[in-house]
Amino acid sequence: MELLMTNIKKSFDLVKVLKHAQIHVKSSEVHALMGENGAGKSTLMKILTGVYTKDEGTIVIDNKEVQIHSIRDSEKAKIAFIHQELNVLNEMSIVDNMFLGREITNKFGLLKKKEMKALATEKLQLLGLYVDADDSIKSISIGKRQLVEIAKALLLDAELIIMDEPTAALTEKEINLLFKVIRQLKEQGKSFIYISHRMEEIFEICDEITVMRDGTFIGQKKKAYTSFDEIVKMMVGYDLYERFPRIDIEPKDVLLKTENLTLEGKFEDVSFDVRAGEILGFSGLMGAGRTDVMHAIFGSCPATSGKIYVRGKEENIKSPKVAKKLGIGFITEDRKNEGIILDFNVSENLILPSLKDFTKSGLINNKMKLEETEHYKNKLNIKMASPTMKIANLSGGNQQKVVIAKWLHTNPSILILDEPTRGVDIGAKKEIYEIINGLKAAGVAIIIVSSELPEVLGICDRIAVMREKRLVKIFNRAEANQENIMDFATRG
Ligand SMILES: Nc1ncnc2c1ncn2[C@@H]1O[C@H](COP(=O)(O)OP(=O)(O)OP(=O)(O)O)[C@@H](O)[C@H]1O
Ligand SMILES: [Mg+2]
């Protein structure tokens, strides 16, 4: 399939989000769509798939102009969209998910269960996924759910599959499997539009790259004839040197220390410490237990045995309230469930953990609230139309920045960040590293859980590796590299 979208325009309440967007995808091609957070990538794809309607512009498929007003229209045009946040329904079975809204029935309107299961199983196996299609979707990993979504696209006979940040929550192994499937389908003539902020991945899997900035088409390049630096420059508008800025300072007192921390079934015997002015990274595969350890330290899911010392004193952290009193902040990885409240506006979300600073005799000081929002908007370069817009309408990466801002405001002396730059664009990543470095210089003890090895290696002073619920190694920065970290993370 050949797709050409030209001069696409779209405004939301007078805010021009797409000014002049364009993309040209050919058949048998993996086409990257790149741009900073809020550039309009997801919006452009939502127009292509009938979630939004465009204000202006044309969509041409195989030399014929098409009108897409609904998701149905885009399905008819053989386009499938796998969303940034996987919208699968947790209680349903795999097969019901795949046939949702297009169930096969007999002439009496009864579901043809066997037939649907057979069809679903066939598509799943084509992708190397051997699961029972009657199992619930929540019983399989996010990586596998991603494959289920692709299988669903195959059921629809899609010729163009759009993936918005598909690998954000995938393990190394799952990413490799996904790429294998993409390559295999590409050989069969299918095309992909692939959105990601992970540069290494783009250069591995994509053939063409379209860059947009601020709702506008900037250019299209063949991967073979461009470079990392050129793409980044097109995205941010200037040369970006040093992806991982570093500062070297001598760490001071141990602020946090754990001894044999254990939570049955989640993690065992985890012992480490982190000092003022130090960044300790936590590496490992998804599911190794890293996030659970952080929840124990923060009191949201306490350990059953072992000890936690804060500034040398043993503490019983049985709730987040206790943790916050001790100066511990936690920026969680699961921003949708724990980080933000989608129904609230941006500034309401921002002040949540420090509500009392903004409240006087039960009333929230609105002026202060808006000033703070403005402050962080500038500091973190958060792209939003107004501080009172619903956070649900911010782009994915900008939501992440709000989550970070709300914890910065609480002035923690120990700060835990779980996947802080997931979904964040390359320029903003650097801004976040600089903020983290600023906290480090100010003597905060910092823990970063991250699945991106270049990031862990780039900014951490020491790197703890977890494997199967245990902390198996702590590297000094100088000794660590991708290979030996992966080795400890997977060996066994
Ligand atoms: N329904 C909406 N109402 C108001 N503004 C919106 C709406 N949807 C998107 N926007 C705004 O449009 C801009 C583009 O958002 P979009 O989600 O397309 O960005 P993106 O390029 O996908 O970014 P990211 O990399 O962070 O996912 C953002 O500034 C966002 O706040
Ligand atoms: Mg997006």
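Which residues does P387 touch, not counting residues up to four places away in sequence? The answer is N345, V346, S347, L370 and T373, where touching means heavy atoms within 4.5 Å. This is a predicted model, so local features need pLDDT of at least 70, side-chain atom pairs count only at pLDDT 80 or more, and totals for chains, interfaces and linings use all residues. Residues are numbered from 1 along each chain as its sequence is written, chains are lettered from A and ligands numbered from 1 in the order in which they are written, and side-chain values use heavy atoms, with hydrogens and water left out.

**Two loop residues**

- P387 sits in the loop between α13 (366–379) and α14; helices (H or I, at least four residues) and strands (E, at least two) are DSSP runs, numbered from the N terminus.
- With 23% relative accessibility, P387 counts as partly exposed; buried means under 20% relative accessible area, exposed over 50%, and partly exposed in between (1.4 Å probe, protein chains only).
- P387 and K369 are 18 residues apart in sequence, and their C-alpha atoms are 9.4 Å apart in space.
- S450 has its place in the loop between β20 (445–449) and α16 (453–459), and at 1% relative accessibility S450 is buried.
- Leaving out residues up to four places away in sequence, S450 touches F282, S283, R290, E419, E455 and V456.
- From S450 to R183 there are 267 residues along the chain, and 27 Å between the C-alpha atoms.

**Aromatic pairs**

- There are 8 aromatic pairs in the structure; rings of Phe, Tyr and Trp (its six-membered ring) pair if their centres lie within 6.5 Å, with planes under 30 degrees apart counted as stacked, over 60 as edge-to-face and the rest as tilted.
- F12 and Y52 make an edge-to-face pair, because their ring centres are 5.0 Å apart and their planes stand at 70 degrees.
- That pair links distant parts of the chain, 40 residues apart: F12 is in strand β1 (residues 3–12), and Y52 is in the loop between α1 (41–48) and β4 (56–61).
- F12 is partly exposed at 29% relative accessible area, and Y52 is partly exposed too, at 25%.
- F272 and F282 also pair edge-to-face, with centres 5.1 Å apart and planes at 75 degrees.
- Since F272 lies in strand β12 (residues 267–275) and F282 in strand β13 (residues 278–284), this pair ties together parts that are 10 residues apart in sequence.
- Both F272 and F282 are buried.
- F298, F330 and W407 are linked into a cluster by ring pairs.

**Helix against helix**

- The axes of α5 (residues 142–155) and α6 (residues 172–187) come within 9 Å and cross at roughly 15 degrees; axes are lines fitted to C-alpha atoms, for helices over the stretch in contact, and angles run from 0 to 180 degrees between N-to-C directions.
- α5 and α6 are therefore roughly parallel to each other, as angles under 35 degrees count as roughly parallel, over 145 as roughly antiparallel, 65 to 115 as roughly perpendicular and the rest as oblique.
- On the α5 side, G143, K144, Q146, L147, I150 and L154 make the contact, and on the α6 side E174, L177, L178, V181 and L185 do.
- The axes of α14 (residues 396–408) and α15 (residues 426–441) come within 12 Å and cross at roughly 15 degrees, so α14 and α15 are roughly parallel to each other.
- K401, I404 and L408 of α14 meet A428, E431, I432, I435 and L439 of α15.
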